[in-house]
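Student: I have a model open and would like to learn how to read its packing. Could we go through it together?

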Amino acid sequence: MKKLRRLSVIMLLVCSVFMTGCDASQIVEVIGKIAQGVQQAMPAIKNVVDTFSNIFGNDNNNNNNNAAVNNANNNNQQNTEANNNSQANVVTVDPNAEDVTGNTGNNANKSTESVEEIIRGAQIAVPYGQVGTENTTAAAAQIKAKYGITMLDGKSWKDEWNSATADKWTQQQLAQFAAIMEKLPAGFRGCTKGFAMQKDLRDNDGNEAGGLGGDPIMISSKAVVEEGWTSMASLVVHEMTHQVQAKQPDVLRQWAAKFWPNGKLAKSSITDYGNTDAGEDMAECVAEYFTNPEKMRQHDPERYDFIKNNIWK
Ligand SMILES: [Zn+2]
């Protein structure tokens, strides 16, 4: 659902460029007129003017600006979201990367996404400086040197879809993280380049999220420490699987063709959340493969073999 909004806004931008001959100020003016026209139906669209100004004034944040702009052209968006959006001109993380691992909240509004949309969502990246500060302790430096993964202490941020407050890696968490990395196959591990530690990760409906996919991956310290929600291992491997989807999209395409023929789930995933779409299905199953391989094998030998042969290497 969210990715469709992006496309429509990109089309709006393209149309504007044709109409104005690529003059940035004119584009903004045209967008402003468009915004006025639909303002009654969508109050938040006012922000599109500011957002386009930001785009042309700062080309460093294309992902983020796209995310912000998406908002303004979304007719399906709920009123609560639109209201929140009116205060969100600064966007730090693309909502398409949203992930609610282990979230028991309401997913009813999430429509099934196409495989290509899932891939594009997984490929979202933001400048690390926007969402965190590199952790330079010896443990983090060792993780970076050994596995090529930058460890970030998170910054507080909010966009129109998600928010988080800052948190820092503890030495215990870094040690636990390093132990997990050591057990992962190099190809799988190599798809991930950054991790940021946050807390109170929330989606726009106020639901807590265990992690947000994309680069860098963001994980919630609350999810890591709270028993009964999810372990660091399953959370980390789940999110890293989304980076596999970003870097090796054919693997997800094959997974979807096999287990989601015609976009329909053929056999239940290992968790309810895995039934959301092919991307979450794969992420949940790979996490289970890592933390409880025998349970995964018994649940579905086909998925187990697929992971073993195509992902876990
Ligand atoms: Zn996920």
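Tutor: Happy to! Let's start with a term we will need: contact means heavy atoms within 4.5 Å. Keep in mind as well that this is a predicted model.

Student: Let me try that on one residue. Leaving aside its neighbours within four places in sequence, what is Ser234 in contact with?

Tutor: Ser234 touches Ala287 and Thr291, once its neighbours within four places in sequence are set aside. Ser234 itself belongs to helix α12, which covers residues 232–247.

Student: Does Ser234 count as buried or exposed?

Tutor: Buried means under 20% relative accessible area. Ser234 has 15% relative accessibility, so this serine counts as buried.

Student: And how would I read Lys308?

Tutor: Lys308 sits in helix α16, residues 301–311. Its relative accessible area is 47%, so Lys308 is partly exposed.

Student: Now for pairs of helices. At what angle do α8 and α9 pack?

Tutor: Angles under 35 degrees count as roughly parallel. Helix α8 (residues 138–147) packs against helix α9 (residues 171–183) at about 15°, and their axes are 9 Å apart. That angle is why α8 is described as roughly parallel to α9. The crossing of α8 past α9 is left-handed.

Student: Which residues of α8 and α9 meet?

Tutor: From α8 come Ala139, Ala140, Ile143, Lys146 and Tyr147, and they meet Gln171, Leu174, Phe177, Ala178, Met181 and Glu182 of α9. By type, the residues of this α8 and α9 contact are eight nonpolar, one polar and two charged.

Student: How are α13 and α14 arranged?

Tutor: Here the range to know is 65 to 115 degrees, which counts as roughly perpendicular. Helix α13 (residues 249–259) and helix α14 (residues 278–291) pack at about 100°, with axes 10 Å apart. Therefore α13 is roughly perpendicular to α14. On the α13 side the contact uses Val251, Leu252, Trp255, Ala256 and Phe259, and on the α14 side Ala278, Gly279, Asp281, Met282 and Cys285. The residues of the α13 and α14 contact divide into eight nonpolar, one polar and one charged.

Student: You mentioned Cys285. How many disulfides does the structure hold?

Tutor: A disulfide needs a pair of cysteine sulfur atoms within 2.5 Å. The structure holds zero of them. As for accessibility, Cys285 is at 0%, so it counts as buried, and Cys191, at 5%, counts as buried too.

Terms used:
Residues are numbered from 1 along each chain as its sequence is written. This is a predicted model: local features need pLDDT of at least 70, side-chain atom pairs count only at pLDDT 80 or more; totals for chains, interfaces and linings use all residues. Side-chain values use heavy atoms; hydrogens and water are left out. Axes are lines fitted to C-alpha atoms, for helices over the stretch in contact, and angles run from 0 to 180 degrees between N-to-C directions. Helices (H or I, at least four residues) and strands (E, at least two) are DSSP runs, numbered from the N terminus. Angles under 35 degrees count as roughly parallel, over 145 as roughly antiparallel, 65 to 115 as roughly perpendicular and the rest as oblique. A crossing is left-handed if the near helix is turned anticlockwise from the far one by less than a right angle, and right-handed if clockwise. Ala, Val, Leu, Ile, Met, Phe, Trp, Tyr, Cys and Pro count as nonpolar, Asp, Glu, Lys and Arg as charged, and the others, Gly among them, as polar. Buried means under 20% relative accessible area, exposed over 50%, partly exposed in between (1.4 Å probe, protein chains only).
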